[in-house]
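Please look over the model shown here.

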Amino acid sequence: MSNPPFPSHASVVVIGGGVMGCSTLYHLAKQGVGDAILLERNQLTSGTTWHSAAQVRALRSSRNLTDLIRYSVELYSELEAETGQATGWINKGSLSIATNKERLTHIRRQQSLANLYGVPAFSISKEEAMERWPLMNGDDVVGAVWSPEDGRVSPSDLCAALVKGAKSRGAQIFEDTGVTGIITKNGKIAGVETDKGRVDCDAIALCTGLWSRTAAALAGVKIPVWSCEHFYLLTKPLEGISGNMPTLSDHDGHLYIRDDSGGLLVGCFEPMGKAIDPDRIGSDFSFQLLPEDWDHFEPMMVNALHRLPSLETAEVKMLLNGPESFTPDGSFLLGESAETRGLFLGCGMNSVGVATGGGAGMALAHCILKGHTPVDLHEADPARFPDCFNSVTALCERVPEILGTHYEITFPGRQWTSSRSLRKMPCHSKWLAEKAHFGQFFGWERPLYFAKQSEPVLTFEKPDWFDQVALEVSNAHIGAAVFDQSTFGKIEVEGRDAERFLNWLCANNMDRSPGRAIYTSMLNERGGIESDLTAIRISEHHYRLFVGTGSIRRDWAWLQRHKGEFQITLRDSTEEFAVLALMGPDASAIIEKSGANELNALKYFEAGAAHIAGAHVRAVRLSYVGEAGWEITCKAQNATRIYDSLYQQGAKPAGLFAQSAMRIEKRFLSFGHDLDTDISPVQAGLDFAVAWDTNFIGKTPLENQREAGETNRIVTIILDDLDAVPIGNEPVLCGGEMVGKTTSAAFGYRIGKPLAIADIGRPELCAEGVKVSVDIAGRKHEGAVTLKPAFDPKGSRMRVS
């Protein structure tokens, strides 16, 4: 059969013929895009897909990410019936073992989360684990979790089935076709240039794996994707292996193990991987592998010999070394780029491409056709990285650590060790002098707590920093503390249509007098929260928006995309200004002593100008921690002397851990934790900040929710057990039934009890005093629901146990 003629136009061009590209094409065709085409410069699966170990483990960090893989499992098991092409799907489950107390807590937390998401998972004994994997040395095993629905697939057969399904619906595939350029017009995709000619198109799905950073640059888009070497050992047939077995996950040994053609496949995610430049790999890297590196693999081999003594006499077939792509946070990229409309990214899969590919391809096709992913996937939003992570140096340092984190214990408070100090706040030198322990957020170094004596020992129990955070909360509660919020994104909206523009994008009424602050959400067309922000109206035609630290790029893109014919200008002023939040009962006296007594005249949510230490400031009377005070904005270069003035008058520094604990006590919600694009202000109890008499994006769905009787589903749970350590993402139960999950959690230092904000799916349980329990690593901790803030600043006393 002759090849089809090369087209001059396609609605969507998919670039890249790995599992992500094939899945995206399949789902586009399934949704009726019959003229979609896929371009592959070599052969299908020839990059990294063909050598994938192809494990499919369902559980991920969120329900929506987990559901993508559950969709993949369902798709992979059904494709053969649809297409006649086998996918090699083998459902033998997976077994995760623990060899220490902390790992056991970790896998039991995973089991609890899996059960909440509807994924079967069971705690089993060492003896039961040995029955499922009799070749395993179990002397040091202290427990295990069995996941019966996990499995694996043949990556090449899977792609063949996806391609067959796509072609049957009219889609076309062109191998040996290199893309040489991407054509844009007015910031939007217009077509692609190839070595076979130009193709005009409305959208591009970029699924180019290792080479995505270079490919995206053709469209003027920066994406932080880099490659690492990934190793697994293959043996010849081994006695004791018959048929297929479960995948054995020995994450304390950094290993995954399964049968392969009668022998063993022993793979690893070693603590520190080996980065490799994609340019060094080359564009003609097709069905190739990198050289074996036994020196690098040796520590993992020692671990493998301990776990599988029979390996000592096994005959090695090969040590496979295949490159895979990683991102700076270990999550893939899925969605439209912030810079170029019509460029949709499906890349940087971090070794989960085959497992996630079915669901991720479905989600990317949905995003292309509908303008949004089918569910909130903020963890995969391409706009979540700052430009500083696109540097070769930062990527080369970070991705080896990312590879190692695949099998790390996810301790609360764990911080990156590589690619640090990329962005420093204006008061960074002050925080260094105060012995801050820093965390990295959108590239910024932000103090988590102060007076650090040594590196903290991470644990699921009471943390090393507990007493120091208690002191910082106490300073804010009985004296005054300064919280550095300079990392907040800041956007200037100016022009004669500024008010009209923001009233269309924001759910609250933006028609306020200059000098007023407004808390509001920006909603999508489905009523979900796209951004949670505070705005200050500086003058008739000038607003300043304060958005989340990690939200600046996505919020900027949202504003730009809705700018239309409005007569406005937008400017990112994030690095121009610092924000110091002065909070506590002594704040008023400190402001007076600092020469800015006019700020004491401001009422709640009023903003005004003043001078501190001779520098101009604009302060707004509001609080994110439940103590009276101001958020003080100043030019970045003036921040240190303003802080010095506040400090000299008695204010003490406080870090993010103290701020988070205090905002949870006050039930102040946080985007990315308690809020996302799937929840509305009505469902989150934020309808007090909705102007029902104005017209705004997303209003109709909110009205429909009200008419249907939907109400707030976000509650606070105060736990009875003072030793409980909730950290968020734990199941909530009532009467033995899972009814929701915690979204944020901390110890409430001012109430003297651990507590959590939770999303409860049953309205009758969202009531004062309802008894519930929180499942923390398999142990149920009793507590009670409250719809009010757990902390009332009036007449309270701080209680720390």
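Q: What is the mean pLDDT of the protein?
A: The model is predicted, with a confidence value for each residue. Of the residues, 99% reach 70 or more. The mean pLDDT is 96.

Q: Is Thr574 buried or exposed?
A: Thr574 is found in the loop between strand S28 (569-572) and strand S29 (577-583). Its relative accessibility is 6%. The cut-off for a buried residue is under 20%. Because of its 6% value, Thr574 counts as buried.

Q: Which residue has a side chain joined to that of Thr574 by a polar contact of 2.6 Å?
A: Not counting residues up to four places away in sequence, Thr574 touches Trp444, Ser486, Thr487, Phe488, Gly489, Lys490 and Ile552. The polar contact of 2.6 Å is between side chains, and the partner of Thr574 in that contact is Asp572.

Q: How many residues of strand S4 are buried?
A: Strand S4 covers residues 94-98. On one side Ser94, Ser96 and Ala98 are buried, and on the other Leu95 and Ile97 are buried, so that both faces are covered. The number of buried residues in S4 is five of five.

Q: Which strand pairs with S4 in the antiparallel sense?
A: The antiparallel pairing with S4 runs over five bridges. Within this pairing, Ser94 stands opposite Ser147. The partner, residues 143-147, is strand S6.

Q: Which residue in S13 stands opposite Leu95?
A: Strand S13 (residues 247-250) is joined to S4 by three bridges. The two strands run parallel. Opposite Leu95 stands Leu248.

Q: Which element gives the most to the lining of the second largest pocket?
A: About 1200 Å³ of space lies in this pocket. Its lining has 48 residues, and the closest to the pocket centre are Glu336, Arg554, Ala557, Trp558 and Arg561. Strand S18 (333-336), helix H9 (353-370) and helix H14 (552-561) each supply at least two lining residues. The element that gives the most, with nine residues, is H14.

Q: What is the volume of the largest cavity?
A: The structure holds two cavities of 30 Å³ or more. Among the residues that line the largest cavity are Trp431, Phe450, Ala654 and Gln659. The volume of the largest cavity is about 60 Å³.

Q: From which element does the largest share of the lining of the largest cavity come?
A: Strand S22 (444-449), strand S23 (481-484) and helix H17 (656-665) each supply at least two residues of this lining. The lining includes Val482, Phe483 and Asp484. The largest share, three residues, comes from S23.

Q: What is the relative accessible area of Ser77?
A: Ser77 lies in helix H2 (residues 63-83). A residue is partly exposed when its relative accessible area falls between the buried limit, under 20%, and the exposed limit, over 50%. Ser77 is partly exposed because its value is 42%.

Q: What separation do the C-alpha atoms of Ser77 and Glu40 have?
A: Ser77 is part of helix H2. Along the chain, Ser77 and Glu40 are 37 residues apart. Their C-alpha atoms are separated by 26 Å.

Definitions and conventions:
Residues are numbered from 1 along each chain as its sequence is written. This is a predicted model: local features need pLDDT of at least 70, side-chain atom pairs count only at pLDDT 80 or more; totals for chains, interfaces and linings use all residues. Side-chain values use heavy atoms; hydrogens and water are left out. Helices (H or I, at least four residues) and strands (E, at least two) are DSSP runs, numbered from the N terminus. Buried means under 20% relative accessible area, exposed over 50%, partly exposed in between (1.4 Å probe, protein chains only). A polar contact is a pair of N or O atoms within 3.5 Å; within protein, one must be able to donate a hydrogen and the other to accept it, and residues adjacent in sequence count only if both atoms are side-chain atoms. Contact means heavy atoms within 4.5 Å. pLDDT is the predictor's confidence in each residue, from 0 to 100. Two strands pair if DSSP finds at least two bridges between them. On a 1 Å grid over the protein atoms alone, a cavity is a set of points where a 1.4 Å probe fits but cannot get out, and a pocket is an open set with protein on both sides within 12 Å along at least five of seven lines; lining residues have an atom within 4 Å of a point. Grid points are joined across faces, edges and corners, and a volume is the space filled by probe spheres set on the points.
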